[in-house]
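Thanks for coming, everyone. I have one structure to walk through today. Let me put it up.

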Amino acid sequence: MKIYIPELAWSPYGLLVLTSVAIGFAVAIYLMRKAGVTKHTILYTCILTSVFTVTNSVMGNMLISNDPRALGFSGLGAVVGMILGVLVSGLIIKDKPESVMASFIATAPLMYGLAKTGCLFGGCCHGKDYEGPFAIVYSGANGGSYFPAQIIDMVVFIAMFVINLILIRKIKNKIAAIYVILALLTVVRFLLEYLKYYHDGSLIASGQVSVLVAGAASIVLVTVWKFLLKVGKAPAAAGAQN
Amino acid sequence: MDNQPTYYEPVQQEPAMPVTAAMPQVDYAARKKKADLLCYISLGLYAASIVSAIVTYVYSAFVNYETQNIIFKILSAFSSVAFEAAWVLVIVARAKFRENRFAKILLWVYIAMAITVAVILIAIIAYCVYTCATCHMPG
């Protein structure tokens, strides 16, 4: 059985990516409300995070393409922007910042997984040449039969979202949960790189180095943020100090 | 058993303390000044980011941007950082000085502008898609 992707007159990539981000934000808002975050905090956090996500995504695309007139989105830029937006809003508002951060970090793989539908229809980020079951077949000038890397990405990251929900519920210390989630996401993203067409077959390709650097940078950013806000103590320890 | 009285003697109420003595004084004028300053800086950065973005695009039309890469990167980075800083400052003004009307109006102006730009972009993309879908090249 093969999956045939028709050649479309226009690329739905941008629309699907924006829809995925909107769904992710809606879920993050629901998680924040459940954690008792006030409506004002949610509003300001969502505004700042949206601005940082879109601006860094467009900026990242310009820098990667080396063309100031290239209007598009970069996934890596969006992720960096989202984390920065949540960090900055936490520093300004200081209303349950660890719950706000945990909600967005837990939702990030949902956004990423759903956005992979854009890659699937757009034809980017596809797998290596493959003719077996569930191969994805594209027609047109850049056609071919490929390993279903985008579908595997989608399934794995949506499963990661479910695992993250369990982790932020089970681990009382939200900062510890954030560290565990970031480490898991880095490992999963690193392993999935082996399936991509651009992976050169080496043990650690350049794309995987970028993943490790981005993961380490995220952990350092969260650590600095934690010390600036003085959050991250376990509830019992925090209560004992009061 | 002690000979305690079984009734309560009326307690003499102390006169209430004047509110001004107990409450910390809030300097509303100073707060307004701080909030307004944040808003003016935000407005300046917002305008600078738009001007910088326009200069980047106009410049790219006249100059071979690949040879002038560093200038474009600096201009693009400045646009992004100034735009983000403008939003951060207005949110700071709104979160820390909730009574300030300028901050409230400015935030909603920014939101309205962002929505307007998004709607215009979607309309342009939809028009392009429609034009491409209905275009029949002769020959």
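**The interface, then chain A**

Between chain A and chain B there are 4 residue pairs in polar contact, both residues at pLDDT 80 or more. By polar contact I mean a pair of N or O atoms within 3.5 Å; within protein, one must be able to donate a hydrogen and the other to accept it, and residues adjacent in sequence count only if both atoms are side-chain atoms.

Which elements of chain A give two or more residues to the side that touches chain B? They are α2 (39-65) and α3 (75-93) of chain A. Helices here are DSSP runs of H or I, at least four residues, and strands are runs of E, at least two, numbered from the N terminus. α2(A) gives the most to that side, with 11 residues. By type, the side of chain A that touches chain B splits into 14 nonpolar, 4 polar and 2 charged residues. Nonpolar covers Ala, Val, Leu, Ile, Met, Phe, Trp, Tyr, Cys and Pro; charged covers Asp, Glu, Lys and Arg; the others, Gly among them, are polar.

A word on the model. It is predicted: local features need pLDDT of at least 70, side-chain atom pairs count only at pLDDT 80 or more, and totals for chains, interfaces and linings use all residues. Residues are numbered from 1 along each chain as its sequence is written, chains are lettered from A and ligands numbered from 1 in the order in which they are written, and side-chain values use heavy atoms, with hydrogens and water left out.

Back to the interface. 20 residues of chain A are in contact (heavy atoms within 4.5 Å) with 24 residues of chain B. The buried area is about 2200 Å², and carbon and sulfur atoms give 72% of that area. Buried area is the accessible area, with a 1.4 Å probe, that two parts lose on being put together, summed over both. How many salt bridges cross between chain A and chain B? The rule finds 0. That rule asks for a side-chain nitrogen of Lys or Arg within 4 Å of a carboxyl oxygen of Asp or Glu.

Over all chains, the salt bridge count is 6. Take A:Lys116 with A:Asp153: the closest N and O atoms are 3.7 Å apart. A:Lys116 sits in α4 and A:Asp153 in α5 (residues 149-170), so this pair ties together parts of chain A that are 37 residues apart in sequence. A:Lys196 also bridges to A:Asp153, at 3.1 Å, N to O. A:Lys196 is in the loop between α6 (174-192) and α7 (206-229), so this second pair ties together parts 43 residues apart.

A:Asp153 is buried at 1%. A:Lys196 is buried at 1%. Buried means under 20% relative accessible area, exposed over 50%, partly exposed in between (1.4 Å probe, protein chains only).

Another bridge joins A:Arg189 and A:Glu193, with closest N and O atoms 2.4 Å apart. A:Arg189 is partly exposed at 22%, whereas A:Glu193 is buried at 3%. Shared partners join A:Lys116, A:Asp153 and A:Lys196 into one salt-bridge network.

Last stop, α4 again. A:Thr107 lies in this helix, residues 97-122 of chain A. A:Thr107 is buried, at 0% relative accessible area. Leaving aside neighbours within four places in sequence, A:Thr107 is in contact with residues including A:Gly24, A:Leu31 and A:Phe161.
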